[in-house]
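I'd like to talk about charged side chains today, so let me get the structure up on the screen.

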Amino acid sequence: ADAYSGGRRVWRRIGVDPASCDPAVLEKLICAGVDVFRMNFSHGTAQDHIDRAANVRSISAKIGRPIGL
């Protein structure tokens with residue numbers, strides 16, 4: 001185990017899509033144990049992806065737990 005997985009040997013990954021990009025939804029997912037968000041660049045604009053990444057980073061800092069993108 002390592003520091004990024006919080007002592008677990010399994011990483012919990014989820015894709016970020018329009019249904020889950022709302023900051024409140026992202027925060028619930030992180031609090032539920034998601035460790036890594038996968039971004040599908042086939043859908044959305046460059047700015048959409050920048051905003052989603054910024055939301056994940058902001059929530060990660062707020063909660064105090066590193067989250068992978």
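**Salt bridges**

So, Asp35 and Arg65 form a salt bridge, with the closest N and O atoms 3.2 Å apart. Asp35 sits in the loop between H1 and strand S2 (36–39), while Arg65 is in the segment after H2, so this pair ties together parts that are 30 residues apart in sequence. Keep in mind that this is a predicted model.

Now, how exposed are the two partners? Asp35 is buried, with a relative accessible area of 1%; the cut-off for buried is under 20%. Arg65, on the other hand, counts as partly exposed at 23% relative accessibility. The two side chains also show up as a polar contact, again at 3.2 Å.

How many salt bridges do we get by this rule? The count comes to 2. The other pair on my list is Lys62 with Glu27, where the closest N and O atoms are 3.1 Å apart. Here Lys62 lies in helix H2 (residues 46–63) and Glu27 in helix H1 (residues 23–31), so the bridge links parts that are 35 residues apart in sequence.

And accessibility for that one? Lys62 is exposed, with a relative accessible area of 60%, since anything over 50% gets that label. Glu27 is partly exposed, at 24%.

Definitions and conventions. Residues numbered from 1 in each chain as written. Predicted model: local features only at pLDDT ≥ 70, side-chain atom pairs only at ≥ 80, totals over all residues. Heavy atoms only, no water. Salt bridge = Lys/Arg side-chain N within 4 Å of Asp/Glu carboxyl O. Helix = DSSP H or I, 4+ residues; strand = E, 2+ residues; numbered from the N terminus. Buried < 20%, exposed > 50% of the residue type's maximum accessible area, 1.4 Å probe, protein only. Polar contact = N/O pair within 3.5 Å; in protein donor to acceptor, adjacent residues only side chain to side chain.
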